[in-house]
Amino acid sequence: MTPSKKLPFSPVLRSVLDEDRRAAHPTPNRLIDYRSGWLSPEEASRVEEHLRGCQECAELLRDLEAFEGFAVPSGTEVSADSEADAAWQRMRERLPGKVVADSKAMRLVSAPRTSPVAQEPRWPSGRPRRDGAFAQAAFRGWVSALLAAALFVCLVGLGILSRSVVRLQTKVRELSQPSPNVATIQLFSDAVRGAAERPVVSAAGDQIFFTLEPPDSANTKEFRAEIRKDGSGEPIARVHGLRKMDDGLLHLLVRRSLLLNGDYEVNLFSESGGPKPLQSYPFTVSSP
Amino acid sequence: MSSENDDCVERWLLGDDASFEGVFHKYYRLVRSFFTKRGFTPEESEDLTQEVFIRVYKGRASFRGESRFTTWLFQICANLFRNELRDRSAQKRDHTEVRLDDGTLGSEAEQLEDDSEEGADPVRRALREEAKTKLRAALADLPPQMRRCVELRVDEDLKYREIAARMGVSIDTVKAHLFQARQILKEKLGDYFEDFNL
């Protein structure tokens with residue numbers, strides 16, 4: 001779809017939800033909302049009435065209850081499920097980036113396929129070596145040591161790799177979404193805030209969610225925000241392209257680790273304007 | 001993070017990719033039986049189960065853990081099931097007749113567009129239908145609490161505090177949900193919609 005043919009989001013969403021309401025059956029989403037108590041009383045009674053006469057939807061609701069009350073099988077039962085094992089092997093091939101560690105492959109390396117007694121050891125040439133029991137025992141010992149060393153190196157390497165991947169994933173996750181453990185602070189312009197007030201955020205979480213009220217005089221669509229420690233020239237964090245939300249406020253998410261306890265200020269600039277801030281918002285970060 | 005989710009899910013949600021194998025094994029039979037008991041063949045059920053877990057895997061960043069993992073899992077299963085039924089019945093219809101000017105569209109917003117010159121254009125109409133399908137799919141992949149915040153904000157035009165009161169969560173949770181939903185929807189649907197005012 002070309003940019004000129006892009007549609008307005010809200011009317012289309014309303015249209016979709018309107019269609020869903022007029023459909024013969026409530027959508028699975030409506031059933032979840034019904035069970036969670038998120039529907040208006042009128043909508044809830046419509047769903048209830050439908051459920052009384054519709055076997056299919058009543059069954060779906062029972063399934064939702066079963067999912068929510070699902071008791072996770074024990075570790076033994078889970079690992080004994082060979083059908084799920086086979087399905088997992090197919091699944092792994094389809095996962096984006098195939099980043100999931102191959103724990104099954106690791107187990108195969110350590111488990112011999114046949115009995116060591118029944119299998120003749122082979123040299124790299126492929127021919128069996130028959131120099132007597134002592135040589136065979138020495139050879140087995142050498143192969144075992146080699147395999148053990150290789151396994152050790154693999155395990156160490158895999159451990160380092162998986163730790164790095166987990167660290168990287170955690171960082172990406174931190175940066176890309178607000179954590180549930182998020183502290184919030186609201187910063188108002190001079191017109192609302194008293195001159196002596198200095199908002200304090202008591203930050204126990206991983207991130208701080210700022211709500212900024214731009215000054216009434218700000219005649220710009222896009223803003224840039226910079227956070228500085230009081231009395232310091234260099235900004236600690238800078239965010240471009242901020243736009244007002246429906247409530248006229250700006251939202252900003254900053255990692256807690258960037259801000260140690262102390263006094264700071266957010267300087268708000270017009271994205272297209274000069275170096276002089278439109279407004280400064282002092283605040284303090286403290287431990288809870 | 002909700003304590004109602006088990007350790008394996010918690011670890012995976014925190015970024016440990018290797019834990020996804022445990023998540024798969026724990027919920028595989030639950031998901032598969034959802035489809036088999038609805039009359040799908042073992043092969044179809046297997047394909048649909050795989051699709052469910054692919055969506056779960058891709059949707060991890062959107063799941064913030066306030067709601068149960070299994071509620072989200074059910075949402076994905078049930079929406080996939082309904083879509084599958086719809087696609088099958090659409091395929092049957094395509095074999096019998098093709099109607100570009102199906103007159104069953106009737107919502108207010110759509111009627112307004114249909115009355116305009118552009119609304120009468122079958123190409124424009126088809127693009128709008130495609131955008132709606134994508135929007136449905138994107139909503140179906142959002143975790144339930146986040147999706148409902150978006151719906152209440154747009155459909156009922158509720159304020160943050162009204163959404164928070166309706167859903168029994170804090171205003172900050174509503175704000176964070178909408179903030180994140182805006183990012184996700186923009187990423188998935190940016191080619192179709194021009195704004196995401198939430």
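Followed along its sequence, chain B reads α-α-α-α-α-α-α-α-α. In total, chain B holds 9 helices and 0 strands, where helices (H or I, at least four residues) and strands (E, at least two) are DSSP runs numbered from the N terminus. This is a predicted model, in which local features need pLDDT of at least 70 and side-chain atom pairs count only at pLDDT 80 or more, while totals for chains, interfaces and linings use all residues. Residues are numbered from 1 along each chain as its sequence is written, chains are lettered from A and ligands numbered from 1 in the order in which they are written, and side-chain values use heavy atoms, with hydrogens and water left out.

Of the 198 residues in chain B, 57% are buried (buried means under 20% relative accessible area, exposed over 50%, and partly exposed in between, with a 1.4 Å probe and protein chains only). The accessible surface of chain B is about 8800 Å², and carbon and sulfur atoms own 47% of that area; such areas come from the Shrake-Rupley method with a 1.4 Å probe, and for residues only the protein chains shown count as cover. Among contacts in chain B with a separation of 6 or more, 57% join residues 24 or more positions apart, a contact being heavy atoms within 4.5 Å.

The buried residues of α6(B) include R124(B), L127(B), K132(B) and L135(B). K132(B) also reaches across to chain A, pairing with E19(A) in a salt bridge whose closest N and O atoms are 2.4 Å apart; a salt bridge is a side-chain nitrogen of Lys or Arg within 4 Å of a carboxyl oxygen of Asp or Glu.

The contact between the two chains draws on 79 residues from chain A and 91 residues from chain B. About 7900 Å² is buried between them, with 58% given by carbon and sulfur atoms; buried area is the accessible area (1.4 Å probe) that two parts lose on being put together, summed over both. On the chain A side, F9(A), W38(A) and F67(A) lose the most area to chain B, together 12% of what that side buries.

Within chain A, E65(A) and R35(A) form a salt bridge with closest N and O atoms 3.8 Å apart. E65(A) is partly exposed at 35% relative accessible area, as is R35(A) at 37%.
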